[in-house]
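Morning, everyone. Please have the sequence and the model open on your screens.

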Amino acid sequence: MNDTNPMLHLEDVYMRYPSRDGTPITILNDIDLKVRQGEFITVVGPSGCGKSTLLRLILGAESPTEGAVLLDGKKLDAPNRNRGIVFQKYSLFPHLSVMDNIVFGLDAEAHGMFLGWLKPGQMRQRRRAFRDQAQVYLERIGLADAADKYPHELSGGMRQRVAIAQSLIMKPRILLMDEPFGALDHATRTEMQLFILEQWEQAEMTIFFVTHDLEEACFLGSRVLVLSQYYQTDAGRGQGAKIVGDFATPGGHPKPTDFLYSEEMSQLVHRIRSEGLSPDNLQHIRDFNLTHRDAFRTVNPEEWQREQ
Ligand SMILES: Nc1ncnc2c1ncn2[C@@H]1O[C@H](COP(=O)(O)OP(=O)(O)OP(=O)(O)O)[C@@H](O)[C@H]1O
Ligand SMILES: [Mg+2]
């Protein structure tokens, strides 16, 4: 990466929301993050620490209270087709067929762009082209025969595959996934993990994947971000969440499935759990595991040692 020019750059990002009495509460505290194209970033952290908020900022659905979110050096203003999002549920329109769900984004975009310009025949032709494209995605997700079905007729895993196809057809540069497999049973989840790795390799996207499952995070991610409100500074307990862990996962990427059962995996999971997720273990900011080559260090351990 050209260090002055990462694809995505969160710079000194603070997010505050007003509490009931109107006083602002810091949710994200000075987040700095540089991301290269093609990374598979998994995000873990205690419930309520701000993972979904972080995704909304990258989507451009919200702006930070302070600081900036830059894509190719330019501030994000609103969501656009460069960034797709998949949620645990509710990513699909229940009243639309699988086919209509998948072409929805393309249709809406064309409608907005060409309304009043294209003759009805040309519009129909365009729609047919979208459907042909969608069929290719249906085949890719193993649901070639499900075009006319409705979401309620599909299993949870099938629905999530359609939701992923709905995003992929827009060819986003960044795919944001907020606990996408959280509601699936174990076997379907394992199958979907392999599926998303395959899609990631084929589409050469950058993925942000939020999960509560630490094994899933370490297995899927080439880089794991641990976001947590449980830490301390010299001044005492921290306010709002910081990136307390930022590291490259061992075992290459994508990893062989037996990595899931390795000693390395269980040590990593144990370490994240105790360092990032435990309210009783307030790690000091100088001890954060920020070993990823692009991780931003507020405190350099050597300098800190020298100052003592
Ligand atoms: N629009 C908002 N107004 C006020 N507070 C908000 C708003 N959105 C989020 N919050 C608060 O910000 C904090 C972080 O929420 P967020 O949903 O990002 O957490 P999360 O890490 O995704 O949690 P979970 O793991 O439960 O999904 C929570 O305390 C939440 O109540
Ligand atoms: Mg969330």
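**Backbone and rings**

Start with Glu204, which is found in the loop between α5 (186–203) and β8 (206–210). Before going on, one caution: this is a predicted model.

Why stop at Glu204? Its phi is near 50°, a positive value in a residue other than glycine. Most residues other than glycine have a negative phi. Glu204 is also exposed, because its relative accessibility is 61% and the cut-off for exposed is over 50%.

Next, Asp12. Here too phi is positive, about 50°, and Asp12 is not a glycine. Asp12 sits in a strand, β1, residues 8–18. Is Asp12 buried, exposed or partly exposed? At 37% relative accessibility, Asp12 counts as partly exposed.

Now a peptide bond. Most peptide bonds are trans. The bond from His253 to Pro254 is cis, with omega near -10°. Where is Pro254? Look in the loop between β12 (242–248) and α7 (263–276).

On to the rings. A pair of aromatic rings is described by the distance of the centres and the angle of the planes. The count here comes to 5 aromatic pairs. Take Phe93 and Phe104. Their ring centres are 4.5 Å apart and their planes are at 50°, so this pair is tilted. Phe93 lies in the loop between β6 (83–87) and α2 (98–114), and Phe104 lies in helix α2, so the pair ties together parts 11 residues apart in sequence. Phe93 is partly exposed, at 29% relative accessibility. Phe104 is partly exposed as well, at 37%.

Then there is Tyr231 with Phe288. Centres are 6.0 Å apart and planes are at 85°, so that pair is edge-to-face. Tyr231 is in strand β10 (residues 231–233), while Phe288 is in the loop between β13 (283–284) and β14 (289–290), so the pair ties together parts that are 57 residues apart in sequence. Are these two buried or exposed? Tyr231 is buried, at 1% relative accessibility. Phe288 is buried too, with a relative accessible area of 5%.

Which residues form an aromatic cluster? Phe40, Phe181, Trp200 and Phe209 form one.

Last, charges over rings. Arg161 lies over the face of Phe195, 5.9 Å from the ring centre. The charged end of Lys255 sits over the ring of Phe259, at 5.4 Å from its centre.

That's my tour. Over to you.

Notes:
Residues are numbered from 1 along each chain as its sequence is written. Chains are lettered from A and ligands numbered from 1 in the order in which they are written. This is a predicted model: local features need pLDDT of at least 70, side-chain atom pairs count only at pLDDT 80 or more; totals for chains, interfaces and linings use all residues. Side-chain values use heavy atoms; hydrogens and water are left out. Helices (H or I, at least four residues) and strands (E, at least two) are DSSP runs, numbered from the N terminus. Buried means under 20% relative accessible area, exposed over 50%, partly exposed in between (1.4 Å probe, protein chains only). Rings of Phe, Tyr and Trp (its six-membered ring) pair if their centres lie within 6.5 Å; planes under 30 degrees apart count as stacked, over 60 as edge-to-face and the rest as tilted. A charge sits over a ring if NZ of Lys or CZ of Arg is within 6 Å of the ring centre and within 35 degrees of the ring normal.
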